[in-house]
Amino acid sequence: MAKYLNNDVPLELLEQRLHIIRENVRTAALSGGHDPQAVRIMAVTKYVGHEAVLRAAKAGVRLIGENREQSLAQKYEYIRGEDLEIHFIGHLQRNKAAKVVRMADCVQSLDSEALAAELNRQAEICKKELSVLVQVNIGNDPNKSGIRPEETRTFVEKLSILSNLRVRGLMTILPLGITQAQTEEYFSRMHALYVDIREKNRDNEKVTMDCLSMGMSGDYKLAVRYGATMVRLGTVLFE
Ligand SMILES: *Cc1c(COP(=O)(O)O)cnc(C)c1O
């Protein structure tokens, strides 16, 4: 079911698309009363090869996302020298944690205490501090992983004892096939949850809430209007 995305998408087209995306982000942020400068654009590179990733880097991309360990590992040797921050955004099994921790700067799909413990252990072995986002299942979608919204605050507090992890915020993937009104409702609830957890952890030195990762190609403008500080874009960049 991998959709077709164009690995040969030219540099100029990537530059043009990034320019348009930045303009859209700016307009959307201002329309919601948010700071456009605070919004980061992630290129989701799961459907393209390392050639396209390197081209995207040349076009100005500084942040990429991969959802499978294998797909990241295939590219890693080619891209590791680049000025690119690498985030892992897919469901992560504990037996893949070691490899992912070695390659990634941030894991956005933290969805269980067991995974948190394993990520912490692996980060300790690598002598690094790993940034994590807590994945929230805001739509209570049985097909999606993530922490239930009402349990997220307690979950974040439990993570504070893991010395090699730093909680940077929240991530969500919305259910498929919902209306625009529902999309807005979920984004708005995610933002409220993010702000609440940020305020409650002002004095917690292991929790630095500076990232609300929500919005993909189809809904990133709405996400930014509702306060996303990171959008994850595959199709609009590489189709
Ligand atoms: C694939 C993927 C995206 C990007 O989706 P597009 O609709 O192609 O922009 C964003 N987030 C996650 C977690 C993904 O797996």
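Reply: Let us begin with Thr183, which lies in helix α7 (residues 180-200). The model is a predicted one, in which local features need pLDDT of at least 70, side-chain atom pairs count only at pLDDT 80 or more, and totals for chains, interfaces and linings use all residues. Residues are numbered from 1 along each chain as its sequence is written, and side-chain values use heavy atoms, with hydrogens and water left out.

Me: Why is Thr183 called buried?

Reply: Buried means under 20% relative accessible area, exposed over 50%, and partly exposed in between (1.4 Å probe, protein chains only). Thr183 has a relative accessible area of 7%, and is therefore buried.

Me: Which residues is Thr183 in contact with, leaving aside its neighbours within four places in sequence?

Reply: Contact means heavy atoms within 4.5 Å. On that basis Thr183 is in contact with Leu174, Ile178, Asp219 and Leu222.

Me: Where is Asp219 found, and what does Asp219 touch?

Reply: Asp219 is in the loop between β7 (207-213) and α8 (220-225). Not counting residues up to four places away in sequence, Asp219 touches Leu174, Thr183 and Phe187.

Me: What makes the pair of Asp219 and Met216 a polar contact?

Reply: A polar contact is a pair of N or O atoms within 3.5 Å; within protein, one must be able to donate a hydrogen and the other to accept it, and residues adjacent in sequence count only if both atoms are side-chain atoms. A polar atom of the Asp219 side chain lies 2.7 Å from the backbone nitrogen of Met216.

Me: Which residues come nearest to the ligand?

Reply: A residue is near a molecule or strand if one of its heavy atoms lies within 4 Å of it. Eleven residues are around the ligand, and Lys46, Ser217, Arg232, Gly234 and Thr235 come nearest. An oxygen atom of the ligand lies 2.6 Å from a polar side-chain atom of Lys46. For Ser217, an N or O atom of the side chain is 2.5 Å from a ligand oxygen atom, whereas Gly234 uses a backbone N or O atom, at 2.8 Å from an oxygen atom of the ligand.

Me: Why is Val48 called buried, and where is its place?

Reply: Val48 is in the loop between β1 (40-44) and α2. Its relative accessible area is 6%, so Val48 is buried. Leaving aside neighbours within four places in sequence, its contacts are Leu5, Asn6, Asn7, Val53, Lys75 and Phe238. The C-alpha atoms of Val48 and Leu5 are 6.6 Å apart, although 43 residues separate them along the chain.

Me: Why is Lys127 called exposed, but Asn140 partly exposed?

Reply: Lys127 has a relative accessible area of 75%, and is therefore exposed. Asn140 has 42% relative accessibility, so Asn140 counts as partly exposed. Lys127 is in the loop between α5 (113-125) and β5 (130-136), and Asn140 in the loop between β5 and α6 (152-159).

Me: What is the phi of Lys127 and of Asn140?

Reply: Most residues other than glycine have a negative phi. Lys127, which is not a glycine, has a positive phi of about 55°, and Asn140 has a positive phi near 45°.

Note on methods: Helix = DSSP H or I, 4+ residues; strand = E, 2+ residues; numbered from the N terminus.
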